[in-house]
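Let us walk through this chain one element at a time. Keep the model in view as you read.

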Amino acid sequence: VLDNPIIIELFTSRDFLLLRADWTNHDPQINTSLESLGRRGIPVYVIYKANSNQPIILPEILTKKIVMKAINEITY
């Protein structure tokens, strides 16, 4: 879903920055981030609104519709 051209264009047009964490080697920083979100495993999809420390945690199974709705609610 995150590699879909429609989603990429939406991220780009709304000035979103997409970050991916590779937990292949169980990096302690990623573990700490997961714990701060109340999660113990992956996948975890989170959106942060500009100037906010409150994450919006998306479902583990994403669809284009879920991502588009979350972005539209944040930016409008």
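Buried here means under 20% relative accessible area, and exposed means over 50%. The model is a predicted one. By that cut-off, helix α1, residues 5–13, has three entries to remember: its buried residues are Ile7, Leu10 and Phe11. They sit on the same side of α1, because they cover an arc of only 100 degrees around the axis. The face turned away from that buried side carries Pro5 and Thr12, which are exposed.

Now look at the ends of α1. Asn4 caps the N-terminal end. One of its side-chain oxygens lies 2.7 Å from the backbone nitrogen of Ile6. After the helix comes Asp15, with a positive phi near 60 degrees.

What do the buried residues of α1 pack against? Their partner is α3, residues 64–75. Phe11 shows some of this in detail. Setting aside neighbours within four places in sequence, Phe11 is in contact with Leu2, Phe16, Leu18, Val67 and Ile71.

Widen the view to the largest nonpolar core. This core has 11 residues in all, among them Leu2, Ile7, Leu10, Phe11, Ile47 and Leu58. The largest share, 4 residues, comes from α3.

The strands come next. β1 (residues 45–48) and β2 (residues 55–58) pair in the antiparallel sense over 4 bridges. Val46 stands opposite Ile57 in β2. The two strands form a hairpin, with 6 residues between them. In the turn, Asn51 has a positive phi of about 65 degrees.

How values were computed:
Residues are numbered from 1 along each chain as its sequence is written. This is a predicted model: local features need pLDDT of at least 70, side-chain atom pairs count only at pLDDT 80 or more; totals for chains, interfaces and linings use all residues. Side-chain values use heavy atoms; hydrogens and water are left out. Buried means under 20% relative accessible area, exposed over 50%, partly exposed in between (1.4 Å probe, protein chains only). The arc is that of the directions from the helix axis to the C-beta atoms. Contact means heavy atoms within 4.5 Å. A polar contact is a pair of N or O atoms within 3.5 Å; within protein, one must be able to donate a hydrogen and the other to accept it, and residues adjacent in sequence count only if both atoms are side-chain atoms. Two strands pair if DSSP finds at least two bridges between them. A nonpolar core is a set of buried Ala, Val, Leu, Ile, Met, Phe, Trp, Tyr and Cys residues joined through side-chain atoms within 4.5 Å.
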